[in-house]
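Here are my notes on this structure, written for someone meeting it for the first time. Please keep the model open while you read, and look up each residue as it comes along.

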Amino acid sequence: MQILAERENASAKDFLPLQGTDHVEFYVGNAKQAAHYYRSAFGFRLTAYSGPETGRRDRAAYLLEQGQIRFVVSTAIHPEDPISRHVQRHGDGVKAIALTVDDAEEAWRATTKRGAKSVQEPTRISDNDGEVKLASIATYGETVHTFVERRQYRGVFLPGYVPVNKRDRVSRPAGLLHIDHMVGNVALGDMNRYVEFYRNVMGFDLYQTFDDKDISTEYSALMSKVMSNGNGRIKFPINEPAEGKRKSQIEEYLEFYDGPGVQHIAMATDDIIGTVTRLHDQGVDFLRVPATYYTELAGRVGTIDEPVETLAQLGILVDRDDEGYMLQIFTKPVEDRPTLFYEIIQRKGSRSFGKGNFKALFEAIEREQALRGNL
Ligand code: FE2
């Protein structure tokens, strides 16, 4: 791994100023039930809704919020809708990583001029609370980036959504604060193409890189490069499978998602023990590493604030680099297909991605792959 120069691409950074992640939209088979899962298990609050009852005839969509994180789960009411086709092909998954911008038209113009494929030309939508401008471009697979300009909007989320003001009886917040990074899986040989896309089309820089010597087990390997935007708020690692003895976790994902897509979303907390305790109690299933991981932990990471016994009980992993340390844990996939999962992360100085945990982690993933008959 290398931590690269902070601003290698400084001269190009200004053509696409991004304020941060606006929201993540999932296309799902049953948004009502998916929303319930994100509320009851992950502790999101239902804050807005758009659907037949509010005048949207073709779709139902639920806005879920926790800390600064906004998820939208959307479903189709009719079988011919593009959402239905997306769900049939991919299962539930991430459709749009939406980014907040000052000027959606300019963001669309700047990126399409540099080679981005347009998915939606700049469009104004409005209601009594004002106007929002949206535009979308394609990234890997059928995933898109939507530019959201909301300066002229006072409503709860987007035009067409009505606030859900009643107390959420189901949600028990778990202390999730913001999105730390979102990882894409792409096909063998495509990683550098998407690295170039994020560099040339979106003005991102290469932030860290991992090769198959960093990330390999007896069975499988992967390569990963992390791209970061100018203000550092948005980090997109891109994974591709590397040559291994058997099917890698990335290949398993690509097979069951039927193409490239979002592999995991990392959500930050400032109290990982409290957060993971709550999520575990609420039914979130986490990957487990062998007990020997914790007997070796102190020797590997030195002194940390958290009791190792508690980390071992919960299955939380730790890694250290020269800037500090970080704690992380991964859920099992949240669909029946082995596709999207979540990471919970707490950073204590470290800006890295847990390289020291890769081996234990990927062996844990491979045990799950073997149970599914996919190794
Ligand atoms: Fe991650």
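1. Let us begin with helix α3, residues 104-113, whose buried residues are Ala104, Ala107, Trp108, Ala110 and Thr111. Seen down the helix axis, these buried residues of α3 fall within an arc of 165°, so they line one face of the helix. The arc is taken from the directions that run from the helix axis to the C-beta atoms. Buried here means under 20% relative accessible area, exposed means over 50%, and partly exposed lies in between (1.4 Å probe, protein chains only). Helices (H or I, at least four residues) and strands (E, at least two) are DSSP runs, numbered from the N terminus.

2. A word on the source: this is a predicted model, in which local features need pLDDT of at least 70 and side-chain atom pairs count only at pLDDT 80 or more, while totals for chains, interfaces and linings use all residues. Residues are numbered from 1 along each chain as its sequence is written, and side-chain values use heavy atoms, with hydrogens and water left out.

3. What do the buried residues of α3 pack against? Their partners are β7 (118-127), β8 (130-138), β9 (144-149) and α4 (191-201), where contact means heavy atoms within 4.5 Å. At the start of α3, a side-chain oxygen of Asp103 comes to within 3.2 Å of the backbone nitrogen of Glu105. After the helix comes Gly115, with a positive phi near 115°.

4. Now turn to α4, where Met191, Tyr194, Val195, Phe197, Tyr198 and Val201 are buried. The buried residues of α4 pack against α3, β8, β9, β13 (221-228) and β14 (235-242). Just after this helix, Gly203 has a positive phi of about 75°.

5. β7, β8 and β9 also belong to an open sheet of nine strands, in the order β7-β8-β9-β6-β2-β5-β4-β3-β10, with mixed pairing. β7 and β10 (162-163) stand at the edges with a single partner strand each, so one side of each has no neighbour in the sheet. Two strands count as paired if DSSP finds at least two bridges between them. Within this sheet, β2 (residues 20-27) and β6 (residues 93-100) are antiparallel and share seven bridges; Val24 stands opposite Ile97 in β6.

6. Helix α2 (residues 82-90) lies across β2, β4 (59-66), β5 (69-76) and β6, and runs at about 100° to β5. For such angles, axes are lines fitted to C-alpha atoms, for helices over the stretch in contact, and the angles run from 0 to 180 degrees between N-to-C directions.

7. Which residues hold the iron ion? Its protein donors are His181 (NE2), His264 (NE2) and Glu343 (OE), at 2.0 to 2.2 Å. Donors are N, O and S atoms within 2.8 Å of the metal (3.2 Å for Na, K and Ca); water is not among the atoms, so sites may look incomplete. Along the chain the donors follow the spacing H-x82-H-x78-E. His181 in strand β11 and Glu343 in strand β18 (residues 341-348) link distant parts of the chain, being 162 residues apart. Both His181 and Glu343 are buried.

8. β11 deserves a look of its own: seven of its eight residues are buried. This strand pairs with β15 (residues 261-268) in the antiparallel sense over seven bridges, and His181 stands opposite Ala266 in β15. β11 also runs parallel to β14, joined to it by two bridges, with Asn185 opposite Asn239 in β14.

9. Asp180 lies in β11, residues 178-185, and is buried, with a relative accessible area of 11%. Its side chain makes a polar contact with the side chain of His181 at 2.7 Å. A polar contact is a pair of N or O atoms within 3.5 Å; within protein, one must be able to donate a hydrogen and the other to accept it, and residues adjacent in sequence count only if both atoms are side-chain atoms. Leaving aside neighbours within four places in sequence, Asp180 touches residues including Lys235, Ala266 and Arg347.

10. Asn229, in the loop between β13 and β14, has a relative accessible area of 4%, and its side chain reaches the backbone nitrogen of Arg233 at 3.1 Å. Thr275 belongs to helix α6 (residues 272-281) and has a relative accessible area of 2%.
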